[in-house]
Amino acid sequence: MRVSGPDSARILGQMCGALPKARQAALRKLWQNASTQDSVLDEALVLWFPGPRSYTGEDGFELHLHAGPAIIRAVSAALVAHGARPAEAGEFTRRAFQNGRMDLIEAEGVADLVAAETESQRRQALAQADGALSRVYTGWAERLKQVLAWQEALIDFPDEDLPPEVEDGIRSDIAALMDEMHHHMQDGQKGERIRHGMVFAIIGPPNAGKSSLLNWLAQRDAAIVSPVAGTTRDALEIVGTLAGVRVTFVDTAGLRDTDDAIEAEGVRRALFHVKQADCVIQMFPVGSPPDSVFDGAVLVGNKADVGALPASVAGCDVVPVSLLTGQGLPALHAVLEQRALALTASSSGVPLLTRARHGAGVRDACACLERAMQQDWPELRGEELRLAMRALGRLTGQVGVEELLDAIFGQFCIGK
């Protein structure tokens with residue numbers, strides 16, 4: 001159990017007597033009232049964290065209890081009786097933000113870390129919680145501050161013969177910042193793909209082996225496999241991982257012309273999933289290569305055990321497999337992992353955008369800089385630079401984010 005607030009020392013003292021040494025675990029009896037020692041609630045490890053060197057920046061403590069429900073109820077009731085109250089969702093991290101222990105982007109990283117299901121999500125969230133993305137934005141803000149200082153000099157001393165290099169330097173620095181921001185925004189939503197996961201749609205004609213491939217990827221019988229064409233009528237989804245990235249694989253209805261209204265609806269939904277997918281796995285059986293290949297698709301030829309498959313179709317390499325014998329499946333898995341990495345890896349080493357809010361903030365700042373470059377009047381250019389700094393400040397929570405706080409911290413669980 002975690003407790004934070006200005007009365008933490010008093011409450012802990014009333015339950016376990018003398019406070020343990022700061023940041024050192026101590027085995028203590030927890031009493032309903034330590035002064036009278038009238039009722040032992042539990043014997044627990046107690047950690048005391050005096051502020052500001054604590055998670056929230058306030059005085060706080062943790063009780064590592066035996067996990068019986070009766071113990072939890074009894075200790076909770078004692079804490080409330082001594083003046084504590086149950087925490088709201090995300091309140092500990094919100095207090096850490098409000099007390100300057102972390103900025104808003106780092107707090108969002110904590111939320112993503114708690115929700116992480118895959119290795120790639122864990123790594124990205126941990127880097128964000130550690131300030132990797134914040135350092136990029138605060139670095140831009142510091143450089144903007146220097147540019148604005150030179151711009152203010154041009155405004156305050158218009159009659160001074162300042163060297164032309166000042167004006168040239170301002171424009172050069174703004175252009176460099178704009179270039180970095182544009183590059184940062186052109187990450188192809190790779191960070192958001194890691195955070196939310198990707199969708200790989202499996203498409204092709206009936207009896208191409210789509211459901212068998214889904215079952216192989218799921219390592220279980222998730223889809224019905226039948227020699228009867230048109231067995232799959234609706235999209236079937238399973239969640240897995242490729243190279244540590246969360247991927248939803250979607251098995252779709254076979255693509256063909258049909259008079260069956262239900263099957264035709266399945267074909268329509270299959271084409272919808274193709275448009276929404278991050279990657280298309282396009283399958284065909286021996287003897288029936290497609291006339292065209294979907295853009296960017298991984299082209300898979302099935303039933304390699306019964307006949308020869310072409311090396312390529314429409315300029316796209318074919319991955320030959322046999323879902324009956326297992327031939328070529330390890331090679332296909334490697335190809336899919338490479339595609340997953342290509343869709344999520346940063347090419348520049350700069351932390352990726354993880355939320356639409358971040359992209360919108362950077363776009364606002366960049367738009368202000370573009371307008372600043374178009375201004376001949378130094379006063380107007382200076383105002384645009386100030387607006388760009390405010391846009392970056394909203395990202396980290398330094399200015400104007402009150403309306404965002406409830407939405408952001410409401411995503412957290414109780415106790416974070």
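## Burial and the model

Buried means under 20% relative accessible area, exposed over 50%, and partly exposed in between, with a 1.4 Å probe and protein chains only. This is a predicted model, in which local features need pLDDT of at least 70 and side-chain atom pairs count only at pLDDT 80 or more, while totals for chains, interfaces and linings use all residues. Residues are numbered from 1 along each chain as its sequence is written, and side-chain values use heavy atoms, with hydrogens and water left out.

## Gln 121

Gln 121 is buried at 7% relative accessibility. It sits in helix α5, residues 119–129; helices are DSSP runs (H or I, at least four residues) and strands likewise (E, at least two), numbered from the N terminus.

Leaving out residues up to four places away in sequence, Gln 121 touches Ala 116, Ile 194, Arg 195 and Arg 246, where contact means heavy atoms within 4.5 Å. Arg 195 is 74 residues away along the chain, yet the two C-alpha atoms are separated by 5.7 Å.

The side chain of Gln 121 reaches the backbone nitrogen of Glu 117 at 2.7 Å. A polar atom of that side chain also lies 3.2 Å from the backbone oxygen of Ile 194.

## The seven-stranded sheet

Seven strands form an open sheet in the order β6-β7-β5-β8-β9-β11-β10, with mixed pairing; two strands pair if DSSP finds at least two bridges between them. β6 (236–242) and β10 (312–313) are at the edges with a single partner strand each, so one side of each has no neighbour in the sheet.

β6 and β7 (residues 245–251) run antiparallel and are joined by seven bridges. Leu 236 stands opposite Asp 251 in β7.

Methods
Polar contact = N/O pair within 3.5 Å; in protein donor to acceptor, adjacent residues only side chain to side chain.
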